[in-house]
Amino acid sequence: MKSPDDCILVIFGASGDLTKRKLVPALFDLCCQSLLPDRFAILGVSRTELSDDAFRRHMVESVEQYSENKPVDSAKLQEFAKQLHYEALDTSSAEQYEQLNARLSALAAKYGTLGNFLYYLATPPSLYEVIAANLGHSGLSRQGNGSGWTRIIVEKPFGYDLQSARELNGSLLQAFREDQIYRIDHYLGKETVQNVLVFRFANGIFEPLWNRNYIHHVEVTSAEHIGVEGRGGYYDRAGVIRDMVQNHLLQVVGLIAMEPPSSFDANAIRNEALKVFQALRPFTAQECEESVVRGQYMASTIRGEKVRGYREEEDVASDSRTETYAALKFHIDNWRWGGVPFFVRAGKRLPTRVTEVVIHFKPTPHRLFGPGADMYHGDNELVIRIQPDEGILLRFGLKLPGTGFEVKDVGMDFHYSELSDTYVPSAYERLLLDCMLGDATLYARGDVVEACWAFVDPILNAYEGNPNLKLYGYPAGTWGPKEADALPREYGEQWRYPCKNLATDGEYCEL
Ligand SMILES: NC(=O)c1ccc[n+]([C@@H]2O[C@H](COP(=O)([O-])OP(=O)(O)OC[C@H]3O[C@@H](n4cnc5c(N)ncnc54)[C@H](OP(=O)(O)O)[C@@H]3O)[C@@H](O)[C@H]2O)c1
């Protein structure tokens, strides 16, 4: 494994939730595997007044709570904490960047980091453009004198719609070059998502089947059992299409559907992903009604406990029409996927937490094994489980021992947990390390993000411009509106339900 260049990482939003729950614990976990640069320092920046020592104390507590490397090695953690520093400033104020500049110069001199700087934007999204512009104006976005590099990681959400994503890209590009910009999609940092590429392109047996001749349809599900968990204010403006479909689930579709890249290089892979998104058949307003089902969770009882409906959540409007569930049917208009429907669904307060891709193969052309109406179909499934219990399951038919030819559906099941001696890094560990190494393969390129927005924009516009378009209530703890079943039913199919509904009451209704 290559070692990253010496550098200083500046976290904007250092007093926030993401820094404490994900970023600093991930950096400590990298430290435990000796994957941080030899000369390395972290500068946390936000408005809250904190001394270096107070920031260190907070971060030590966060690492103890959120590190994946339990039990935490406290001697190592104390050593790691020495590299943490803090500067209180208002990043929206251009004048304060002189103070930042002076602090960075002092840290670079102290640690000998050769002018390499990595900026991480973990602030509210409204500050992304402001911080990038201020870094540009103060000269902090420039690549260091000759040898050094400067990179910027931008958190999600990347824009609110196509126009705002274009504006954000435009603003970032005023201060940074595209190859300095790393747009995070933490789904791409997940081992099992990356494994889609290896599974497809390192094995000879599946790729010949990976097309319209053998695949009947593709299903992508991202179910969460939790509700909005105190993030009602953000969620009520976003909804599941912005929060999950536009970014994470389309990125997964990109990896499932792309052509083999000619090399394993960031641009080669992102070029192929872009072609998939450009081939997505655009939705007309009429198709939005027919091919998209939106839902919102309602109060119910799960395992004897009352669960609030979405409209009763904190900071959610009591007449909100924001979707907490969406199911989409769409097509990719290219040679490989012509005629193959893709079904994607995502939702909150579903019966379980699972993200999986199911490749449904076409049935055998002739059914041989009975009895009668129960003739075995042979429509094999390949299930790629992204989380939890990451793994791959191939379902096929086998003869039941005994007389006759009765066929039983069986599975060949691989679980990542079986590789127990292999450390599986968290998405943030992988992404932070890749950025320090200058590898953008698992980051979204500007044109790719815009292509994804271009696909979902007509759906968002159709619903936002027309309150008469349907929104269905579903009891929390169920698999969403029953109307979603109509999407695969059109092809004689049904969604895969990894478990049963949990709600014992609650209402299915039209809102
Ligand atoms: N939390 C997550 O799990 C998560 C997951 C995915 C993506 N994200 C994204 O990551 C970003 C941060 O999320 P978060 O949950 O950490 O938010 P948060 O807890 O509200 O933190 C926001 C941070 O920004 C700082 N800040 C706000 N205005 C500032 C200003 N004018 N100057 C300097 N610092 C300022 C705040 O510190 P002060 O108030 O001290 O200034 C705080 O440190 C968001 O864009 C979010 O969408 C978060």
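Which residue of β17 is the bridge partner of Tyr297? In this predicted model, the partner of Tyr297 in β17 is Tyr474. The pair belongs to a parallel pairing of β8 with strand β17 (residues 472–475), which extends over four bridges.

The protein is divided into two parts, domain 1 (7–183) and domain 2 (191–422 + 444–510). A distance of 34 Å separates the C-alpha centres of domain 1 and domain 2. Contact between the domains involves twelve residues of domain 1 and eleven residues of domain 2. On the side of domain 1 that touches domain 2, α6 (162–175) and β6 each supply at least two residues. Helix α6 gives the most to this side, with four residues. By class, the residues on this side of domain 1 are five nonpolar, two polar and five charged.

Strands β8 and β17 are part of an open sheet of ten strands, in the order β16-β15-β14-β13-β7-β12-β11-β8-β17-β18, with mixed pairing. The edges are taken by β16 (407–415) and β18 (509–510); each has a single partner strand, so one side of each is left without a neighbour in the sheet. Strands of a sheet pair through backbone hydrogen bonds, and the pairing is either parallel or antiparallel.

Strand β8 (residues 292–298) is largely enclosed by the rest of the structure, because seven of its seven residues are buried. In a regular strand, side chains alternate between the two faces of the sheet. In β8, Val292, Arg294, Gln296 and Met298 point one way, whereas Val293, Gly295 and Tyr297 point the other way. Residues of both groups are buried. Besides the parallel pairing with β17, β8 runs antiparallel to strand β11 (residues 325–331), to which four bridges join it.

One of the paired positions is Glu219, whose bridge partner in β12 is Phe343. Helix α8 (residues 232–257) packs on the sheet and touches β7, β11, β12 and β13 (354–361). The direction of α8 makes about 140° with that of β12.

Strand β13 continues the sheet through an antiparallel pairing with β14 over six bridges. In this pairing, Glu356 stands opposite Arg385 of β14. Strand β14 is also joined to β15 by five bridges, and these two strands run antiparallel. Here Ile384 has Ile392 of β15 as its bridge partner. Strands β14 and β15 form a hairpin with three residues between them. Asp389, in the turn of the hairpin, has a positive phi of about 50°. Helix α7 (residues 191–201) lies across β14 (381–387) and β15 (391–399) and runs at about 145° to β14.

A second open sheet consists of six strands in the order β3-β2-β1-β4-β5-β6, with parallel pairing. Its edge strands are β3 (84–88) and β6 (181–183), each of which pairs on one side only. On average, neighbouring strands of this sheet are turned by 20° against each other, with direction ignored. Strand β1 (residues 7–12) is paired in the parallel sense with strand β4 (residues 117–121) over five bridges. Within this pairing, Val10 has Tyr119 of β4 as its bridge partner. Helix α5 (residues 128–137) lies across β1, β4 and β5 (150–154), and α5 runs at about 160° to β4.

The shell around the ligand has 21 residues, and those that come nearest are Gly13, Gly16, Ser46, Arg47 and Thr48. Helix α1 (residues 17–32) provides the largest share of this shell, three residues. Sorted by class, the shell contains seven nonpolar, eight polar and six charged residues.

Note on methods: Residues are numbered from 1 along each chain as its sequence is written. This is a predicted model: local features need pLDDT of at least 70, side-chain atom pairs count only at pLDDT 80 or more; totals for chains, interfaces and linings use all residues. A residue is near a molecule or strand if its C-beta atom, placed from the backbone, lies within 6 Å of it. Ala, Val, Leu, Ile, Met, Phe, Trp, Tyr, Cys and Pro count as nonpolar, Asp, Glu, Lys and Arg as charged, and the others, Gly among them, as polar. Two strands pair if DSSP finds at least two bridges between them. Axes are lines fitted to C-alpha atoms, for helices over the stretch in contact, and angles run from 0 to 180 degrees between N-to-C directions. Two residues are in contact if their C-beta atoms, placed from the backbone, lie within 7 Å. Domain bounds come from an automatic or database domain assignment. A residue is buried if 20 or more other C-beta atoms lie within 10 Å of its own, exposed if 12 or fewer, and partly exposed in between; C-beta atoms are placed from the backbone.
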